[in-house]
Amino acid sequence: MSTRQVAGVVEAVGHTVAARGMCCVFGDPGLGKSVAVEQAVRLLPGRVPVWRAVAGVAPGLPQLRSVLCEALGLPLGALSHWAGPAGQALAGALAEPGVLVVDDAQRLTPSLLDYLRQLWDAPGCAAALVLCGAGSERAVARASALRSRVLTWHQVGRLEPSQLQQTLSLFHPVWAQADPEDMARVDEQMAHGNFRTWAKITSHVYAACERDPARQVERELIEEACARLGPYP
């Protein structure tokens, strides 16, 4: 998948990883930030380890340590409950060049973000950090010590009408033969450039084509798919 939005994230993440720095990828909900970051790390050289973590809802420090230990392949048992050994083990793992992606980073409080900052300030840290999520830039802004260390800020925007068919055809081939005018109408009236909404519409369109392979992706089918999401104008 390669679009202008994804290409921007690929560039931002690639630059950050090369510099072993920190990156914040943000934007409104449902714009495909996580998908773009996943594509970006897939394009990194194969020798670069990638560790993925998702911040839980209202996590405390023990929960964050557990998530980080699991992402880095460290034993969860005693480490997640003992701050000293956990910190040492995490610092040791992060001494290896690689990239840690923390999704839904907007859920992290300033104190938890500062814990990440302390890990990255540890002598010998050689890893890059990518924080991703809707509102993650506001969360990071409240953690001044971490904010000052962010090398790259990248905002993901909405899908552009002129790129709808190209983008969605890359996301799923079911859109390759659709009429661009039909897609533009749906975007204007329902999706509003939101990648997540288009993903839901795609799911219903694909299911309909699976049930009846002879059906074409025409206006009637697309509108039926939209109607399953809620009232469609």
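This is a short tour of one protein chain, stop by stop, for you to follow in your viewer.

**Before you start**

The model is a predicted one, in which local features need pLDDT of at least 70 and side-chain atom pairs count only at pLDDT 80 or more, while totals for chains, interfaces and linings use all residues. Residues are numbered from 1 along each chain as its sequence is written, and side-chain values use heavy atoms, with hydrogens and water left out.

**Stop 1: the whole chain**

Show the chain as a cartoon. You are looking at 11 helices and 5 strands; helices (H or I, at least four residues) and strands (E, at least two) are DSSP runs, numbered from the N terminus. Along the principal axes, the C-alpha atoms fill a box of roughly 60 × 35 × 30 Å. Of the 233 residues, 47% count as buried, a word that means under 20% relative accessible area, with exposed over 50% and partly exposed in between (1.4 Å probe, protein chains only).

**Stop 2: the largest nonpolar core**

Select L100, L116, W120 and L131, the residues with the most contacts inside the largest nonpolar core, which has 33 residues. Such a core is a set of buried Ala, Val, Leu, Ile, Met, Phe, Trp, Tyr and Cys residues joined through side-chain atoms within 4.5 Å. Elements that give two or more residues to this core include β3 (99-103), α5 (110-121) and β4 (128-132). Of the elements, α5 gives the most, with 6 residues.

Now center on L100. Leaving aside residues up to four places away in sequence, L100 touches W51, A53, L68, A71, W120, A128, L129 and V130; contact means heavy atoms within 4.5 Å. Apart from this core lies another, of 21 residues, among them V186, M190, W198 and C209.

**Stop 3**

Select α3 (61-71). Which residues of α3 are buried? They are L64, R65, L68, C69 and A71. Look down the axis of α3: these buried residues fall within an arc of 165°, so they line one face of the helix. The arc is that of the directions from the helix axis to the C-beta atoms. Just after α3, find G73, which takes a positive phi of about 75°.

Axes are lines fitted to C-alpha atoms, for helices over the stretch in contact, and angles run from 0 to 180 degrees between N-to-C directions. To see the contact, show L61, L64, R65 and L68 of α3 with L112, Y115, L116 and L119 of α5.

**Stop 3: helices α8 and α9**

Select residues 164-171 for α8 and 180-191 for α9, whose axes come within 10 Å and cross at roughly 95°. The two helices, α8 and α9, are therefore roughly perpendicular to each other. Their contact is made by L164, Q165 and L168 of α8 and P180, M183, A184 and D187 of α9.

Stay on α8 and pick T167, which is found there. T167 is buried, with a relative accessible area of 1%.

**Stop 4: helix α11**

Finish with residues 219-227, helix α11, where L221, I222, A225 and C226 are buried. These residues cover an arc of only 140° around the axis, which puts them on the same side of α11. The buried residues of α11 pack against α9 and α10 (195-211).

Note on methods:
Parallel < 35°, antiparallel > 145°, perpendicular 65-115°, else oblique.
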